[in-house]
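Dear colleague,

I am passing on to you the structure below, together with some notes on what was found in it. Please read the notes with the structure open beside them.

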Amino acid sequence: MLTLTSLTAGYGPVTALEDVSLTARKGEITAVLGANGAGKTTLLRTVSGLHRARSGAIDFDGTRLESVAAEKMPRLGLAHVPEGRGVITELTVEENLRLGGLGRGGRVSASDLERVNDLFPILGDRNAALASTLSGGERQMLVIGRALMARPTMLLLDEPSLGLAPRIVAQIFGLVRTLVRDEGLSVLLVEQNARSALSVADHGVVLNLGRVVADAPADELAGDDQLRHAYLGF
Amino acid sequence: MRDRIVSLRRHVLARHLFLALVGLLVVVVVVESVSDYRNTQLASMAYLGIAAGGLTVLTGINGQISLGHGALMAIGAYTSALLLPDRDATVPLTVVVLAAVAVTLVVGAAVGLAAARLHGPYLAGATLALAVAVPGIALYFKETLGGEQGLRVVMPDIPVWVLDAVFFVTGQDLTRSRFTAYVGWLTLIVVFLLLANLSAGRTGRRWRAVRDDEVSAELAGIDLGRARVSAFMVSAAAAGAAGAILAFTVKLAAPSAFTLTLSLTLLAAIVLGGLGSLAGALIGAALLTFLPSVVTDIGRNAGLSDIQAAELAPLVYGLVMVAVILLAPTGIVGSLRSGLQRARSRRRTTSPTTTSKGTAS
Amino acid sequence: MQQFFNTALTGLTLGMVYAAFALALVLIWRSTRIVNFAQAPMAMLTTFVALVVIDAGYSYWLGFVAALVSGLVLGAVIERVVIRPVEGKAEINAVILTLGLFIVLHGLAAVIFGNRYRSFPAPFGLEGLTVGGTTIALNGFGVFTIVSVLVVMGLLVALFRYTDVGLRMRASAFNQEVARLLGVKVGAMLTLGWALASVVGSLAGLLIAGGSLVHPSYMDSVVVFGFVAAVLGGLDSPLGAVVGGLILGVSLSFVSGYVGSQLVALAALVILMLVLTLKPGGLFAQAPERRV
Ligand SMILES: Nc1ncnc2c1ncn2[C@@H]1O[C@H](COP(=O)(O)OP(=O)(O)O)[C@@H](O)[C@H]1O
Ligand SMILES: [Mg+2]
C-alpha cells in the first residue's frame, strides 16, 4: 500500500533520515517507533509532501509521491494528522470537521459529519464550541475525526498519545483498531510510546538516528528483550 | 589580551580619523572645483547623507525601523529657523547646529522610549504616524512656526576669518553656496566620525547584539530597552543635524519639505546603500541627489512631458528598493562585499597550499 | 449641543471609512502577518482609474465598479508577484517592501496622472439633510458611505462564516500547514485575501475621494488612521477594526472640530501610543500581555 524505498531526507547539514525502506500494508496498523529525534516526524512529513526527500522513492498504491504537493494528499486518500494534533483553535469544532471534508474537493456531506459525530459522541455534543475549549483528548479525537471526513484509505498519525492520560490513549487506540477492522483503513502510526503502540499495531519498524534498525511483526518486536531495552525504552 | 583590545580600538579610531581627513581633502577639492549649482546639490547630498547615516545606525545596526526621520529633520530645521530669523541674528552656525541636535535629541529620547517596546510593523506604523503628524504642528502654531509658508532662514554673513582662511588655502573667494556646502560636509564628516566610532565600539556591539537576538542579548546582560533608546537618540540627533543643514541649504523650514515622502526617501537611501554601512548611506544619499536629474533627462528624451519626467525619479528608486529587497537584501555595498568575499574564498579554495573549505555561504 | 451632535455625526461617517480601511489592513495581517502600508497608494491608484473612466464620459457607477475591479486585480498581482517571496521571512523585509511599493505606486500615479489636485465627483448630494427643520452634518453621500461600508462588511461576514471558500481562507490564515494537509491551496487563499482586502481599501479610497480632491498622496494620512484603528481593535480582529475605526473617527472629528484640523494626525499618534502602552493587544484583548 505505502512503500518507502531508500528514503533520505534532512535539514541543511543535518541528515534526519538515511536510506529508510519500509512498507505499510493495506488494512494493517504499522507502527514506526523510536526515541525523540529519531526522524519519525520527518518521515511522515516527507510522505505527505511537507518536506522534500533528498533521494529515494515513495509509492502509495501505485502513485509516486516524491514530488506531489501536500495539498493533494487528501484527494489521493492519504490523511496526515500532524504532531501536536493541529487543531485550528480559532475555528469551531464543526468548522474543523467541515474543513476536513472539503479536502477531497466538492462539498461536505451531511452523512460524513453524522458518521464522525457518531464515532466521537463528545464532538457531536460540542459542535458549535470553539475548538480552543476542548481538552487534549477531545482535540485528538477531533483531528482524527477531521481526517476521517475526507474518507481516506490511509491515516498517518504522529504521536497521538503525546500528553494524554493512559485511559484516553487506550480509548483512542481502541478506536483506531476498530476503524482498521471494520472499514479496512490502513494506518501508519508514529509513536515514542512503544509499548502501547505495539499492543495495537500489526507490524513495527524501529528507527534510530534516522536509520531502520528493526522491521518485524509487532509481537516479535515486543518479545525481543534486547531490542526493547536498546531502542524502545521498556 | 586586554592590551590587544585596546590597541585594536586605537587602531580603529586611527583608521576613522584617517578616513575623515581624506574625506575632508576630497571635499575641499570637489567643492572648489564645481559650480555654485553643483555646490547646492552637494549640500543637499550632505543633509541626506547625515540623516541616512543616522537611520543606518538605527535600522541597519540596531534593527529598528523608522519612518519618522523626516519629522525629526523637521524639528532640527525649525529649531535652526527660529535661531536665524534675520540678518541681525548673531548665533554662530555651530551653535545653531548643536541646538538643533539638542532639541532633536530630546524629542528622539521621547520617541525612542515609546518605540523601544515596539517591533517591526508596529514600530513602522507608529513612526509613520509621527511623520504624518509633525507637519500639522507647524500648521497649527501659525504664529510662531509660520504655517503653510514656513519660516525663512537667513544665513548670517560668512565670518571674515573663514573668508580669509579659505582664500589662503584655495586662492579663491568663498561664495555663499560654497560656504553652505562646506558647512554641510564638515557636519557630515563630524557626524560620521562619531557614528563610526560608536558603532565600532562597545555601544555598537550592544546594538548589534540586540538586533541579532534579543534573548541572547538579554542573557549577556544587555539592557534591551536602554540599547534601543540610545540607538534611537543617536539616530535622532543625526537627523536633527541633517535638518539644520537642510534649513541652511534651502533657506526655509516649511511643512511641505517634510512630507512622508522625505522619510520614505531616507529609508530608500539606506536600503539602496545596504543596511548597516555608513558608506552605503553615503552612496544612497548620492543616488537620491544625482539620480533624479539623470532619470528626468532620460524620461524627457523618451517622450514624457517635463512634469511627468520629474516624477520618474521616485518611481525608479522605489522600484530599485523593491528589487533590492527581493533580489539582494544586503543592498549594494553588502552585495559587493559578499561578492568580493566569494571571489576571495574561491581563490583560497583553489590554491593548493590550503585545505580550508572557504567561507562562502 | 447641535455642534456636538454634528461633530459626532461627521465622525461616525468618517469612522466608517477608517473602519473599512482598517478592515483591509486586518484581513492581510491575519493571513500573512504583514501590515500592508502600500494599501494607501493602492487605493489611490484605483480611485484614479475611476476618475479616468468618469472623465471619459461614463457614469460614476461604472467608474466605481472599475475601481473595485482594478483593486481586486492589483491586490492579487501584488501578493503573487511582490509579496509572496518575503512571506514568512524576516518581518523587517516585508515592512521595507511594502514601503518600497508605496513609493513605486506613488511615482506611478504621479507619472501617469500628474502630481496635482483633481476634483472627484460624488453620486449623491453634498447638501446636509434636513431633520425636523434643522440641517444636520449628514448628506446623501454620507448615507451612501455608511450604507456601502455596512454592505461590504455584511458580505465579508457572510463569505467567511457561511461559505466553503471563506472557511478555507480562515484556515489558511490561522494555520497554513494544517490547512495544506487538509487539501487547502493556501497560496491561492492568500492571493484571494489580498485581492479582497484591496477591494475594501479601494472602496475606502472612493469614499474619501467622493466630492473632494484627489492627488497621489491623498490617502497617505488615511493609512495612518486605518492602522491606528486596526491597532485599537487588536490588529487581528475584523470586528475590532470596525469598532476601532468608529472610535477613531469620532475622536478625530472632535479634535478637528474643537481644537484644530491640523492636529488630527497628532491626535491619532497620541491615541496610538496610548493604546500600545496601556493595552497593546487592543481595546478588547483578554490576554494582558502581547508583543507589539
Ligand atoms: N526544522 C528542522 N530544522 C532542522 N533540524 C530539524 C528540523 N526538524 C527536525 N530536525 C532534526 O531532525 C532530526 C529528526 O527529527 P524528527 O523527525 O522531529 O524526530 P522525531 O519526530 O523522531 O522526534 C532531529 O535531529 C531534529 O533535530
Ligand atoms: Mg516527532
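Between chain A and chain C of this model, which is predicted, the count of salt bridges is four. In one of these, the side chain of A:R107 meets that of C:D164, with 3.6 Å from N to O. The rule also finds three residue pairs in polar contact across the interface of chain A and chain C, both residues of each pair being at pLDDT 80 or more. On the side of chain A that touches chain C, the largest share comes from helix α3 (residues 93–102) of chain A, which gives five residues; sorted by class, that side has eight nonpolar, seven polar and seven charged residues.

As for the extent of this interface, 22 residues from chain A and 15 residues from chain C take part in the contact, and the area buried between the two chains is about 1900 Å², with carbon and sulfur atoms giving 62% of that area. Of the area that chain A buries against chain C, 29% is supplied by A:E71, A:L99 and A:L102, which is more than any other three residues supply.

A word on confidence in chain B: its average pLDDT is 86, and 88% of its residues score at least 70. Among the elements of chain B, the highest mean pLDDT, 96, belongs to helix α3 (residues 69–83) of chain B, and the lowest, 54, to helix α16 (residues 331–350) of chain B. Over residues 349–361 of chain B the pLDDT stays under 50, and for this stretch the model has ten contacts beyond four places in sequence.

With kind regards

Conventions
Residues are numbered from 1 along each chain as its sequence is written. Chains are lettered from A and ligands numbered from 1 in the order in which they are written. Side-chain values use heavy atoms; hydrogens and water are left out. Contact means heavy atoms within 4.5 Å. Buried area is the accessible area (1.4 Å probe) that two parts lose on being put together, summed over both. A polar contact is a pair of N or O atoms within 3.5 Å; within protein, one must be able to donate a hydrogen and the other to accept it, and residues adjacent in sequence count only if both atoms are side-chain atoms. Helices (H or I, at least four residues) and strands (E, at least two) are DSSP runs, numbered from the N terminus. Ala, Val, Leu, Ile, Met, Phe, Trp, Tyr, Cys and Pro count as nonpolar, Asp, Glu, Lys and Arg as charged, and the others, Gly among them, as polar. pLDDT is the predictor's confidence in each residue, from 0 to 100.
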